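Visitor: I would like to learn how to read a few features of a protein model, one at a time. Could you take me through them?

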Amino acid sequence: MRPPRPTRPTRPVSACLTAAAVLCAGTAPGCAPSAPEPVRVPVRSLAAEVSRVPAEKLGTTLRQGCPVPAERLRLVRMNHWGFDGKVHRGELVVHQDAVEPLLYVFGRALAARFPIRRMRVAAEYGGDDLAAMAADNTSAFNCRPVTGDPARRSRHSWGLAVDVNPVENPYVDRHGTVHPPAGRAHLRRDPDRPGTITEDGVLVEAFRRVGWHWGGDWWSAPDYQHFSADGR
């Protein structure tokens, strides 16, 4: 594992971004890059800042043998709407190719006042995905196996996947276990519940616009919280 380069000063993101989504980074196996139509959205209200990732924001989430080096990751600080009806500051660590698509998506979410419980880097939970889900935390990069299937590497290991509001949008693994357990009350998908991701909701529409895929479409093991660049 190579240590992160020194952190550069954060740079504010321009008031309007063109997000031509990069579906697959060169490190992600089995991917065929695609180029959807560019999309534009005002993101001034996000007040987004993008920088290289300080070592403390990676912690144990970047481990020996991880498929993406620290220099290809970015720390994104941005505003999001909360369950309390207020705007909060959140942080995500993502692959550099995911920055613009995700700013488009979360710009749309903020404009629609879609509530997000909290948005903290996975390092704050020691890289423990179960703990992060139990806290209803929205996060992205974490070099780890698939929850409930340790033989496979999660797309979060590349920083090309995001989990949003895990309690309101649980994952049912191939054994039928609900992650997190508190999410069992949300298996019945009710679009009127705040923070719930649905087929015709703003998040699914925005992610699809930039070419990302929703885990809620997986019929055998639905992962309602999960979005990824390559559909895995």
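Predicted model: local features only at pLDDT ≥ 70, side-chain atom pairs only at ≥ 80, totals over all residues.

Visitor: Let me begin with the strands: how many bridges join β5 to β6, and in which direction do the two strands run?

Guide: The general idea is that in a regular strand the side chains alternate between the two faces of the sheet. Here, strand β5, residues 73-81, and strand β6, residues 87-95, run antiparallel and are joined by nine bridges. Within this pairing, R74 stands opposite V94 of β6.

Visitor: What do β5 and β6 form, and how many residues lie between them?

Guide: The two strands make a hairpin with five residues between them, and in its turn G85 has a positive phi of about 75°.

Visitor: Which cysteines form a disulfide here?

Guide: In general terms, a disulfide is a covalent bond between the sulfur atoms of two cysteines. A search of the whole structure finds one, formed by C66 and C143, whose sulfur atoms are 2.2 Å apart. The link of C66 and C143 is left-handed, with -120° about the S-S bond. This pair connects distant parts of the chain, 77 residues apart, since C66 belongs to the loop between α1 (55-58) and β5, while C143 belongs to the loop between α3 (129-134) and β7 (145-146).

Visitor: Is C66 buried or exposed, and what of C143?

Guide: The cut-off for buried is under 20% relative accessible area. C66 has a relative accessible area of 17% and is therefore buried, and C143, at 5% relative accessibility, also counts as buried.

Visitor: My last question concerns D129: where is its place, and which residues is it in contact with, leaving aside its neighbours within four places in sequence?

Guide: D129 lies in helix α3 and is buried, because its relative accessible area is 11%. With those sequence neighbours left aside, D129 is in contact with N142, R144, T147 and D163.

Key. Residues numbered from 1 in each chain as written. Heavy atoms only, no water. Pairing = 2+ DSSP bridges. Helix = DSSP H or I, 4+ residues; strand = E, 2+ residues; numbered from the N terminus. Disulfide = S-S within 2.5 Å. Buried < 20%, exposed > 50% of the residue type's maximum accessible area, 1.4 Å probe, protein only. Contact = heavy atoms within 4.5 Å.
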